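Biologist: I would like to learn how to read aromatic ring pairs in a protein model. Could you take me through the general idea and then the case at hand?

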Amino acid sequence: MKRKIHAVYAALVAILVLFSCNGSGKEKDCPQITPVPTPLRERVLTAKEQAALTPDAVIKSLKEGNKRFSTNNVTARDHSAMVRNAAPGQFPKAVILSCLDSRIPVEDVFDRGIGDLFVGRVAGNFANTDLLGSMEFGCKLMGAKVILVLGHESCGAITATIDDAKLGNITAMLTNIKPAVTASQNFKGEKTSKNKEYVAYVSKNNVINTIKTIRERSPILKGLEDNGQIKIIGGYYDMHTGTVTYL
């Protein structure tokens, strides 16, 4: 309320100063008026608002948010206020399963704020037992409406899998991605990690395989999807443009 009163007062002062300057006929008498800043979003999603959402509405909001991000028109937010407002509880819209890659700031990519998304990260965005349990928690217990598996361009985990890399625990980790390489044998062209088109092809097949894994290994999530309570979808992030295409 105080912020609204301040904004109204500032606007009235600006109008009075403007009329005063116009009446004086002297440009030097007119001070420079500092524009009133755009109000910051400080609210977080409530339980009632989350319950009213449909999976399709959440997907639409993710697409709109990504458009704002890729055109540098993101929402201004008061993060300090949102942290405090979110402290009593959380009611996120979606679960995003992303790669570990530092170049994909997930909340920013979809122009979402504190309390809007559950974000799970692992190199190669695959679904193991821990991540499946996390997604079940996010959807079954906490009410998220969408699971989005997000692959991306120039994925190091994908290139390492193609090259059959051997190093510590990485070796075991990459076995989760190998089914995508197997599924990509119909690619027409050079099947090496140096071929960007092939890497992209495997990355997209990896997203599709992860979605398949979620449905096969989590009866809870499959049941929610079959009942229309959630949707499980895939996306592919372009490093050059910041846009997400849906698979």
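The dialogue below turns to the rings of this structure.

Modeller: This is a predicted model, in which local features need pLDDT of at least 70 and side-chain atom pairs count only at pLDDT 80 or more, while totals for chains, interfaces and linings use all residues. Residues are numbered from 1 along each chain as its sequence is written, and side-chain values use heavy atoms, with hydrogens and water left out.

Biologist: How is a pair of aromatic rings described?

Modeller: A pair of aromatic rings is described by the distance of the centres and the angle of the planes. Here, rings of Phe, Tyr and Trp (its six-membered ring) pair if their centres lie within 6.5 Å, and planes under 30 degrees apart count as stacked, over 60 as edge-to-face and the rest as tilted. A search of the whole structure finds three such pairs.

Biologist: Why is the pair of Phe118 and Phe137 edge-to-face?

Modeller: Their centres are 6.0 Å apart and their planes stand at 65 degrees, so the pair is edge-to-face. Phe118 is buried (under 20% relative accessible area, with exposed over 50% and partly exposed in between, for a 1.4 Å probe and protein chains only), having a relative accessible area of 14%, whereas Phe137, at 37%, counts as partly exposed.

Biologist: Which residues do ring pairs link into a cluster?

Modeller: The cluster consists of Phe187, Tyr198 and Tyr201. Within it, Phe187 and Tyr198 form a tilted pair, 5.2 Å centre to centre with 55 degrees between the planes, and both of these residues are buried.
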